[in-house]
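Biologist: Please take a close look at the ligand site in this structure. Which residues are around the ligand, and which elements give residues to the shell?

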Amino acid sequence: MSSPPVAPSSRTRPALRIVDFIAKKRDGMELSPPEIEEFVAGYTAGEIPDYQASAWLMAVVLRGMTRAETSALTNAMLRSGKVLDLSEFPERKVDKHSTGGVGDKTSLVLAPLAAAGGLIVPMISGRGLGHTGGTLDKLESIPGFDVNLSVREFRQVLAACGCAMIGQTAEIAPADRKLYALRDVTATVESPYLICASIMSKKLAEGIDALVLDVKTGSGAFMKKEEDAAFLANLMVETGELLGTKVVALLTSMDQPLGRHVGNALEVVEAVEVLRGHGPDDLRELCLELAGWMLHLGGAASTPEQGKSRSRQLIESGQALERFRQMVELQGGNARVIDDTSLLPRAAHHREVRSPRTGVIQGIDCRAVGIASVILGGGRNKKEDAIDPSVGIVLERKVGDQVAAGEPLCSLHYNSEVQGSEAAELVARSFFISEPAAVQGRPLVERIITARGEK
Ligand code: URA
């Protein structure tokens with residue numbers, strides 16, 4: 001990182017009275033950085049019980065936080081574990097993070113694409129959360145692909161091909177692991193301050209120079225309202241900059257699934273199509289937009305537009321696909337799936353969901369499509385549930401498309417009749433079909449938020 005965050009001061013001060021700490025936030029007062037550091041260190045070490053941490057988290061949800069508190073919380077969580085030092089790599093280290101969506105397989109395209117453009121992409125990703133998909137689950141649908149590399153192996157893959165994609169290790173931001181699990185069961189996830197500290201602490205622990213955030217808004221996003229998404233985006237950009245990392249946030253539409261494939265192996269197929277220079281327009285366009293910013297922030301392009309056209313060349317020349325192949329091989333995966341995607345897990349059955357009437361697709365309940373994929377087994381209802389990598393949904397129609405009565409809206413790939421029927425009913429109710437007329441969709445990239453304001 002260009003200017004490393006300040007390490008929290010050592011715990012030699014008088015012990016924090018946790019009841020006073022909770023009451024201060026409950027009463028809307030500002031907490032000092034040392035108080036926040038003391039809380040994070042105490043909770044991570046198991047000295048502060050869950051019931052007191054829960055009370056404080058709820059006070060934050062209700063009262064909010066100042067910018068200074070948010071950056072102190074992010075820094076303390078970041079410093080609760082190891083911050084990777086990737087200074088052995090002379091290239092800029094850049095990552096991308098999405099706040100979560102349906103059919104969002106951009107990470108699979110962006111890591112090899114940005115690496116082919118000369119950057120180091122040390123990507124630490126997550127699993128599916130609620131109705132949204134997770135990069136690790138998608139990667140694990142490639143037979144043999146190992147997302148649990150040690151930090152030493154992670155560095156070796158980065159050295160060999162410029163990108164590596166793994167899960168969060170016990171050493172990275174352990175405070176977030178504990179706090180996130182507690183938030184999940186205490187109705188305290190939905191706070192922009194806590195989301196910011198959670199995401200930014202993990203991402204900055206990667207030792208990156210710059211970060212491109214894809215903040216989703218719409219029916220399939222956690223932030224349904226554009227204003228809430230913009231607030232979160234601004235908070236993350238400011239927090240990143242305060243802690244010495246360049247951050248840009250793109251506010252992008254999640255009003256319908258991204259691309260046409262939803263489900264783990266199905267999404268790998270679509271990511272490979274994009275790396276081959278094909279794939280659906282919305283997915284390809286968003287990948288190029290995000291890659292353009294990654295190359296620009298990483299110093300490999302003088303403007304985001306130049307970064308975008310360089311990214312297009314890297315795809316057309318096959319260099320980005322080649323990086324993906326190298327990464328898959330280096331992480332133990334069967335790289336033959338790239339040339340023959342039929343080697344990926346495939347569901348036993350298909351069925352089509354057909355349109356009950358003639359008209360235009362006015363909208364799609366994106367969250368419901370995500371839930372249908374979870375019902376098929378592509379996501380988890382409980383943390384310990386196993387994923388079925390083969391199942392999912394292929395959209396035959398998207399917003400603005402015409403459809404005649406009896407034509408397919410989507411096809412389901414499933415292994416159990418019961419799950420297939422339940423998902424089919426839900427998906428059938430998720431398409432809103434109106435009289436034939438022009439439908440005005442929202443633009444894919446709605447706003448771009450940088451440290452210098454909005455574009
Ligand atoms: N993703 C995270 O990593 N943390 C949050 O708090 C929400 C989404």
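Modeller: What follows is a description of the ligand site, then a note on confidence. The model is a predicted one. Around the ligand are Y180, R183, I195, S198, I199 and K202. Sorted by class, this shell holds three nonpolar residues, one polar residue and two charged residues.

Polar atoms from side chains of the shell come up to the ligand at several points. For R183, a polar side-chain atom is 2.9 Å from a ligand oxygen atom. K202 likewise has a polar side-chain atom by an oxygen atom of the ligand, at 2.5 Å. With S198 the ligand atom is a nitrogen, and an N or O atom of the S198 side chain lies 2.7 Å from that nitrogen. As for cover, the ligand taken alone exposes 240 Å², and the protein buries 88% of that area.

Two or more residues of the shell come from each of the elements α8 (174-184) and α9 (192-204). Of the elements, α9 gives the most to the shell, with four residues.

On confidence, the average pLDDT over the chain is 93, and 96% of the residues score at least 70. A stretch to treat separately is residues 1-11, where pLDDT stays under 50. For residues 1-11 the model has 26 contacts beyond four places in sequence.

Conventions: Residues numbered from 1 in each chain as written. Predicted model: local features only at pLDDT ≥ 70, side-chain atom pairs only at ≥ 80, totals over all residues. Heavy atoms only, no water. Near = heavy atom within 4 Å. Polar contact = N/O pair within 3.5 Å; in protein donor to acceptor, adjacent residues only side chain to side chain. Areas by Shrake-Rupley, 256 points an atom, 1.4 Å probe, with all protein chains shown as cover. Nonpolar A, V, L, I, M, F, W, Y, C, P; charged D, E, K, R; others polar. pLDDT = per-residue confidence, 0-100. Contact = heavy atoms within 4.5 Å.
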